[in-house]
Amino acid sequence: MEALRRYESIIDDFEAFLDACERPLPTVVRVNGITGSVERAVEAFEADGVAVTRRDWSDRVLEVDTEKPGNTWPYVHGWVHGQEEVSAIPARVLDPQPGDAVWDTCAAPGSKATQLADLMDDTGLLVANDDNLGRLSALRGNADRLGVTCAAVTNADARRFDPSVVDVEQFDRVLVDAPCTCEGTIRKNLDALDEASPSASRNLARLQADILRRAVELTREGGTVVYSTCTFAPEENEAVVDGVLGEFDALSVEPYDIALDHDDGLTEWDGESYDESLANAKRFYPHQNDTGGFFAAKLTL
């Protein structure tokens with residue numbers, strides 16, 4: 001936990017934060033509306049003796065009293081998908097509509113991509129891209145199990161993605177859930193901090209900014225881009241968004257509502273100042289909602 005000490009100045013009740021990071025996560029699933037419903041999933045879990053706790057902020061997110069939701073009938077039938085609670089935030093913020101053209105830049109293994117398809121009523125075009133060929137089988141498998149038919153799976157470097165391969169010029173909405181140092185996953189991945197450091201964050205920030213820049217370039221005027229990570233590092237979060245903001249006059253960080261406790265995005269860190277609009281981004285810490293850690297910013301053109 002020593003690697004997290006550098007965040008003490010920006011996290012209220014820091015000791016509660018550290019304590020939360022050492023506890024295991026609750027088991028949470030997301031209900032998939034393409035093939036099922038909340039009522040159907042809850043009934044099936046309870047029929048198998050699995051207690052269910054609903055979440056106030058989202059009717060599609062359920063805590064289930066089992067360590068192996070993948071061994072349950074709702075999972076096998078594709079009615080639910082195992083997904084950490086804060087991982088369900090970016091797709092909700094992006095808010096894709098039925099019929100939209102949507103690009104998920106870093107989609108594997110598919111939790112957020114299949115959630116996007118669900119929010120789109122499985123209509124329109126969802127381009128689920130990942131540069132890691134080995135991870136595409138998991139993406140395709142999850143899409144098949146959850147009944148997704150609107151997705152085109154592509155294998156490309158998002159920094160140089162050519163939208164003509166899917167016969168579009170620009171997208172209505174783009175999700176950049178960027179590769180990161182994953183500090184926020186410490187509750188399920190005890191090795192998450194092994195490679196985390198300020199230098200690792202600065203190195204990743206170059207890749208993250210390149211992906212976000214390409215996402216903005218391929219989003220139509222009036223469209224939306226959501227940038228998110230599962231790390232606490234400002235170098236990978238506010239600093240990345242701030243740098244790309246300065247390159248596009250029409251780009252802005254917009255406020256959004258979500259009924260989870262959070263902190264506002266930072267406007268300064270370690271002697272650096274960021275655009276004041278970064279306060280519209282949100283930071284989700286483990287001790288606030290008994291979740292993992294996350295950052296999400298909503299950008300519009």
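Modeller: Here it is. Keep in mind that this is a predicted model. The protein chain has nine helices and 15 strands.

Biologist: How compact is the protein chain for its length?

Modeller: As compact as a globular protein of that length, because its radius of gyration is 19 Å, close to the 19 Å that the globule rule gives for 301 residues. The C-alpha trace spans about 55 × 50 × 35 Å along its principal axes.

Biologist: What share of the residues is buried?

Modeller: 56% of the 301 residues count as buried.

Biologist: Now the core. Which residues have the most contacts inside the largest nonpolar one?

Modeller: Phe171 and Val241, in a core of 50 residues. Elements giving two or more residues to this core include α1 (14-21), β8 (171-177) and β15 (294-300). Helix α7 gives the most, with six residues.

Biologist: What does Val241 touch?

Modeller: Leu212, Tyr227, Val253, Leu278, Phe295, Ala297 and Leu299, leaving out residues up to four places away in sequence.

Biologist: How many residues are in the other core?

Modeller: That separate core has 34 residues, among them Ala88, Val102, Leu136 and Cys230.

Biologist: Switching to helix α5. Why is it described as largely enclosed?

Modeller: Eight of its nine residues, which run 111-119, are buried, so the rest of the structure largely encloses α5. The buried set includes Lys112 and Asp118 as well as Leu116.

Biologist: What comes on either side of α5?

Modeller: Pro109 sits in the loop between β5 and α5. The peptide bond from Ala108 to Pro109 is cis, with omega near 5°. After α5 comes Asp121, with a positive phi near 55°.

Biologist: Where is Asp95, and what is its phi?

Modeller: Asp95 is in the loop between α4 (89-94) and β5. Its phi is positive, near 55°, and it is not a glycine. Asp95 counts as partly exposed, at 41% relative accessibility.

Biologist: And Asp167: buried or exposed?

Modeller: Exposed, with a relative accessible area of 70%. Asp167 lies in the loop between β7 (151-154) and β8. Its phi is positive as well, about 60°.

Biologist: Last topic, charges. How many positive and negative side chains are there?

Modeller: 27 positive and 57 negative, with the centres of the two sets 4 Å apart. As for the surface, the protein chain exposes about 12,900 Å², and carbon and sulfur atoms supply 42% of it.

Definitions and conventions:
Residues are numbered from 1 along each chain as its sequence is written. This is a predicted model: local features need pLDDT of at least 70, side-chain atom pairs count only at pLDDT 80 or more; totals for chains, interfaces and linings use all residues. Side-chain values use heavy atoms; hydrogens and water are left out. A nonpolar core is a set of buried Ala, Val, Leu, Ile, Met, Phe, Trp, Tyr and Cys residues joined through side-chain atoms within 4.5 Å. Buried means under 20% relative accessible area, exposed over 50%, partly exposed in between (1.4 Å probe, protein chains only). Helices (H or I, at least four residues) and strands (E, at least two) are DSSP runs, numbered from the N terminus. Contact means heavy atoms within 4.5 Å. The radius of gyration is taken over C-alpha atoms; the globule rule is 2.2 Å times the number of residues to the power 0.38. Accessible areas come from the Shrake-Rupley method with a 1.4 Å probe; for residues, only the protein chains shown count as cover. Lys and Arg count as positive and Asp and Glu as negative; His and the chain ends are not counted. The place of a charge is taken as NZ of Lys, CZ of Arg, CG of Asp or CD of Glu.
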